[in-house]
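User: I have a structure open that I have never looked at before. Could you walk me through it?

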Amino acid sequence: MTDFDYSRISNPVYSLENIDARDPAALVFDGNIYLYFTYYDPVKVTWHVAMTTTADFINYSPARIVSPEGYAS
């Protein structure tokens, strides 16, 4: 895993515009951090499990829904 500077990490650690991202779980594998979370859309009133990857908790891949509607982490 890449060394990173904890002082650069701000709260919230991860957020999405117009989406509630909550209940995170992190898995470290092969130098990457896989972040799984509940993806709640308050406009559509739907929730899913989604995931993103990061190496430093600052830059993230685009969020990707990985479950059918109605599943939450």
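**Confidence and overall build**

Analyst: This is a predicted model, and the protein chain has an average pLDDT of 91, with 96% of the residues scoring at least 70.

User: Where is the confidence lowest and where is it highest?

Analyst: Confidence in the protein chain is lowest in strand E1, residues 20-29, where the mean is 94, and highest in strand E4, residues 64-65, where it reaches 97.

User: OK, and how many helices and strands are there?

Analyst: The protein chain has zero helices and four strands, and along the sequence this reads as β-β-β-β. The C-alpha trace spans about 40 × 25 × 15 Å along its principal axes.

User: What share of the residues is buried?

Analyst: Of the 73 residues in the protein chain, 27% count as buried. The accessible surface comes to about 5,100 Å², and 52% of that area belongs to carbon and sulfur atoms. As for contacts with a separation of 6 or more, 27% of them are between residues 24 or more positions apart.

User: What about charges, how many positive and negative side chains are there?

Analyst: There are 4 positive and 9 negative side chains in the protein chain, and the centres of the two sets lie 5 Å apart.

User: Which residues make up the largest nonpolar core?

Analyst: That core has six residues, namely Tyr14, Ile19, Leu35, Phe37, Tyr39 and Ala50. Strand E2, residues 32-41, gives the largest share of this core, with three residues.

User: You listed Ile19 there. What does Ile19 touch?

Analyst: Not counting residues up to four places away in sequence, Ile19 touches Tyr39, Tyr40, Asp41 and Pro42.

User: And Pro42, where is that found?

Analyst: Pro42 is in the loop between E2 and strand E3, the latter covering 46-54. Leaving aside neighbours within four places in sequence, Pro42 is in contact with Asn18 and Ile19. The C-alpha atoms of Pro42 and Asp20 are separated by 7.5 Å, although these residues are 22 apart along the chain.

User: Why does Pro42 count as partly exposed?

Analyst: Pro42 counts as partly exposed because its relative accessible area is 38%, and that class lies between the 20% and 50% cut-offs.

User: Let's switch to another loop. Where is the place of Asp56, and is it buried or exposed?

Analyst: Asp56 sits in the loop between E3 and E4. Asp56 is buried, because its relative accessible area is 16% and buried means under 20%.

User: What is Asp56 in contact with?

Analyst: Leaving aside neighbours within four places in sequence, Asp56 is in contact with Phe4 and Ile9.

User: Changing topic to the backbone, which peptide bond is cis?

Analyst: The peptide bond from Asn11 to Pro12 is cis, with omega near -5°, and Pro12 is found in the segment before E1. As background, most peptide bonds are trans, and most residues other than glycine have a negative phi.

User: Where does Asp23 lie, and how exposed is it?

Analyst: Asp23 lies in strand E1 and is partly exposed, with a relative accessible area of 42%.

User: Last one, what can you tell me about Val28?

Analyst: Val28 is also found in strand E1, and at 49% relative accessibility Val28 counts as partly exposed, because exposed means over 50%. Val28 and Thr53 are 25 residues apart in sequence, and the distance between them in space is 9.6 Å, C-alpha to C-alpha.

Definitions and conventions. Residues are numbered from 1 along each chain as its sequence is written. This is a predicted model: local features need pLDDT of at least 70, side-chain atom pairs count only at pLDDT 80 or more; totals for chains, interfaces and linings use all residues. Side-chain values use heavy atoms; hydrogens and water are left out. Helices (H or I, at least four residues) and strands (E, at least two) are DSSP runs, numbered from the N terminus. Buried means under 20% relative accessible area, exposed over 50%, partly exposed in between (1.4 Å probe, protein chains only). Contact means heavy atoms within 4.5 Å. Accessible areas come from the Shrake-Rupley method with a 1.4 Å probe; for residues, only the protein chains shown count as cover. Lys and Arg count as positive and Asp and Glu as negative; His and the chain ends are not counted. The place of a charge is taken as NZ of Lys, CZ of Arg, CG of Asp or CD of Glu. A nonpolar core is a set of buried Ala, Val, Leu, Ile, Met, Phe, Trp, Tyr and Cys residues joined through side-chain atoms within 4.5 Å. pLDDT is the predictor's confidence in each residue, from 0 to 100.
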